[in-house]
Amino acid sequence: MVKVTGVKFYIKDEVEELNTVIDYFIHNNWKIEALIGHSRGNLIIMLAILARPFIARFMIDVSGRIFLKQGFSEKHADHMHLLDTEGHFVITNRSRSGNEKKVKVYKSTVALWEKMDTELSKLRYFPPQVTFLIIHGTSDETIPLRDPTALASSVPNHHIHLVTGADHNFRGSPTDGGPSYHQQVIDKIVSFLNSEKTTLNSFIRANNTENPLNFHLEKPKVKFTNNFPTSKIIKVAGVQNFRDFGGYPVGDAEGRIIRSRILYRSGMLSYITEEGKNVLRALNVTSYFDLRSNPEVTKYGAPGLENFGVSRVYVPIFSDQDFSPEALGVRWQLYTKGVSGFAQVYMIITETCPASYAQYLRALISILPSNEEENPTKAILLHCTAGKDRTGIYVAILLDFLGVDEDLIARDYSLSEPLLHWTDDEIKAISDRSGGALDIDGVKLMLSARAGSIVMYLKIFKEKYGSSRNYLQSLVGLSERELDLLRSGLLVKPRSLYTLEHTLPPYNSNQSFVLKVERKYFELIRDGRKKSEGRINYGKVIKFHIGDNIAFYPNEGPDSNAVNVEIMRIAKYQTFRDMLTTEGVESLLPGSGLDLDEAVEVYRSFPGYREKESSGCGALCISFKLI
């Protein structure tokens, strides 16, 4: 872990210093799990990670500030007028050791904080695969609770922890004699890293779910860029365990990640719906590789998707004989031996699959873009029956070849278990087919996907083959050139968030939007008594940015002059209750006299709001000023 605290150099120098340390670690093959910053150190880390988003998997913000200009102006409110009259004023910086230093503050200093605010506001676009822990003392008089709350509202994936009674530097201990504030912070960070690295629920949250069809319905010409993976887990109606292969960092000095939206993996497509077929088309899937054996295909079928532009390529791993009841019984019995048994089954797959694997990988090479800037125009899908074992081995070997950390490979494998749903009848049918080799508990064990199984497999795999590269070359038969094409085509460097203006609406873009509200709230906005609007986080409001303009009209229509406002702040919440608790009922529904429960019901009563909140859209508070 890299720890950064406040230092005395200019901000640019400090960021460069941190990047030098990071580069040193990477070039020495040291893995950076987390970046931890306190106070000013958080600013340095935030600016560094905006340019290198995947440099660490965890970001820990301790007593950090997010509103730099506002905080500075509030702290030195009595002196700010001197910038206009004298051109500068002098402040005293005091170090923890008690040393004091006089510093002149100019208008350019304040302009710098404003620029930093603009950069930090881009954290809202940060990839959800990186998890933030935000720690703040409730008695911090240096940086108010407003700042950690704003950071939590900005970053997509976060935990926030308040240390009751602690000041900015976490000095002292609680009056009740509990652990010191320093110790509480240390304990929280350690427990957070331990749980985040091992908890599957956190991994699922980081790789959230989306239906890409929605994007194509709203923006038919949308292109998935190299910036960040949008999500790994994708809803395809009638198909289980559907995921994007890309998005993982490979830990090299360039901070590259695996290209997204070119390679997918899933369970069988036998029950795919029309909606699901449309999703495949939206994802540019042009072919799917079916690893199942003939008896499975005969039993479950294979859908014809040619009308949706998708062709089937049949590349079974096992022959009909290998899928006989006798062979199944032997192989399935191995699953009852736990992780070592799983590893044995997976080695059987590894030794049997080279011809199938070669055909699949060469097809992948044929559709790879020629450079990082080029977006994929075609994608392929790989599946077996459940998308767990045979598909899982193909994916694990390729991830390992590309340089993905073994912990990530294991957790990626583990995602299959919560994404697969087996009925009691299905479990019993599998037990019956095993010819007595598996009872019900044995079947459930076979259907599991525990991280230890793939870890054990990779250990045995590397003991036998040396490396995934050697396996792909010596057994699968790929040439050096083909292996190099795989790496160069699948690995991309995510663009710095400093340059996201080229692909996303700029922050001070002065875009204009129209919103309709009930007449009583329209009048409150017009009179300046309502300065915040709550909405479901869905539709056009997700395009709002700080600095955009909104023209408010009453619901009846534009029969009067619009009330024009400028967006000053945007805060995201998981539920309307969270939003109303934090922002206050009176702020969002002034003069209503409603209590919290009644106010929640007001929002949920709007058409579609209750359903969208339940589906996880969340709530959005938009604060504004009249213009």
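Helices here are DSSP runs of H or I with at least four residues, and they are numbered from the N terminus. On that numbering, α10 is followed by Asn-284, a residue with a positive phi, near 65°. The model is a predicted one.

**Helix α10**
- Helix α10 covers residues 274-282.
- Its buried residues are Gly-276, Lys-277, Val-279, Leu-280 and Ala-282.

**The five-stranded sheet**
- Five strands form an open sheet with mixed pairing, in the order β17-β19-β20-β21-β18.
- The edge positions are held by β17 (512-517) and β18 (532-536); each has a single partner strand, so one side of each is left without a neighbour in the sheet.
- On average, and with direction ignored, neighbouring strands of this sheet are turned by 40° against each other.
- Within the sheet, β20 (residues 563-573) and β21 (residues 619-626) are paired in the antiparallel sense, over eight bridges.
- Opposite Glu-566 stands Lys-625 in β21.
- Helix α23 (residues 519-526) packs on the sheet, where it touches β17, β19 (549-554), β20 and β21.
- The direction of α23 makes about 135° with that of β19.

**The nonpolar cores**
- The largest nonpolar core has 70 residues, and the members that touch the most others are Tyr-346, Tyr-357, Leu-398, Tyr-457 and Leu-486.
- Helix α15 (residues 390-402) supplies the largest share of this core, nine residues.
- Leaving aside residues up to four places away in sequence, Tyr-457 touches Ala-343, Tyr-346, Met-347, Thr-350, Ile-393 and Ile-397.
- There is also a second, separate core of 42 residues, which includes Val-15, Leu-18, Ala-48 and Ile-91.

**Helices α14 and α22**
- Two packed helices are described by the angle between their axes and the distance between the axes.
- For α14 (residues 354-367) and α22 (residues 480-490), the angle is about 55° and the axes are 10 Å apart.
- The two helices, α14 and α22, are therefore oblique to each other.
- Their crossing is left-handed.
- On the α14 side, the contact is made by Leu-361, Arg-362, Leu-364 and Ile-365.
- On the α22 side, the residues making the contact are Glu-482, Leu-485, Leu-486 and Leu-490.

- Thr-391 is found in helix α15, and its relative accessible area is 0%, so Thr-391 is buried.
- Not counting residues up to four places away in sequence, Thr-391 touches Arg-265, Ser-266, Leu-291, Leu-382, His-383 and Cys-384.
- Asp-400 lies in helix α15 as well.
- The relative accessibility of Asp-400 is 15%, and Asp-400 counts as buried because the cut-off is under 20%.
- With residues up to four places away in sequence again left out, Asp-400 touches Ile-409, Lys-462 and Ser-468.

**A buried loop residue**
- Gln-129 has its place in the loop between α5 (107-120) and β6 (131-137).
- Gln-129 counts as buried, at 14% relative accessibility.
- In sequence, Gln-129 and Tyr-248 are 119 residues apart, while in space they are 8.4 Å apart, C-alpha to C-alpha.

Key. Residues numbered from 1 in each chain as written. Predicted model: local features only at pLDDT ≥ 70, side-chain atom pairs only at ≥ 80, totals over all residues. Heavy atoms only, no water. Buried < 20%, exposed > 50% of the residue type's maximum accessible area, 1.4 Å probe, protein only. Pairing = 2+ DSSP bridges. Axes fitted to C-alpha atoms, helices over the stretch in contact; angles between N-to-C directions. Contact = heavy atoms within 4.5 Å. Core = buried A, V, L, I, M, F, W, Y, C linked by side-chain atoms within 4.5 Å. Parallel < 35°, antiparallel > 145°, perpendicular 65-115°, else oblique. Left-handed = near helix turned anticlockwise from the far one by under 90°.
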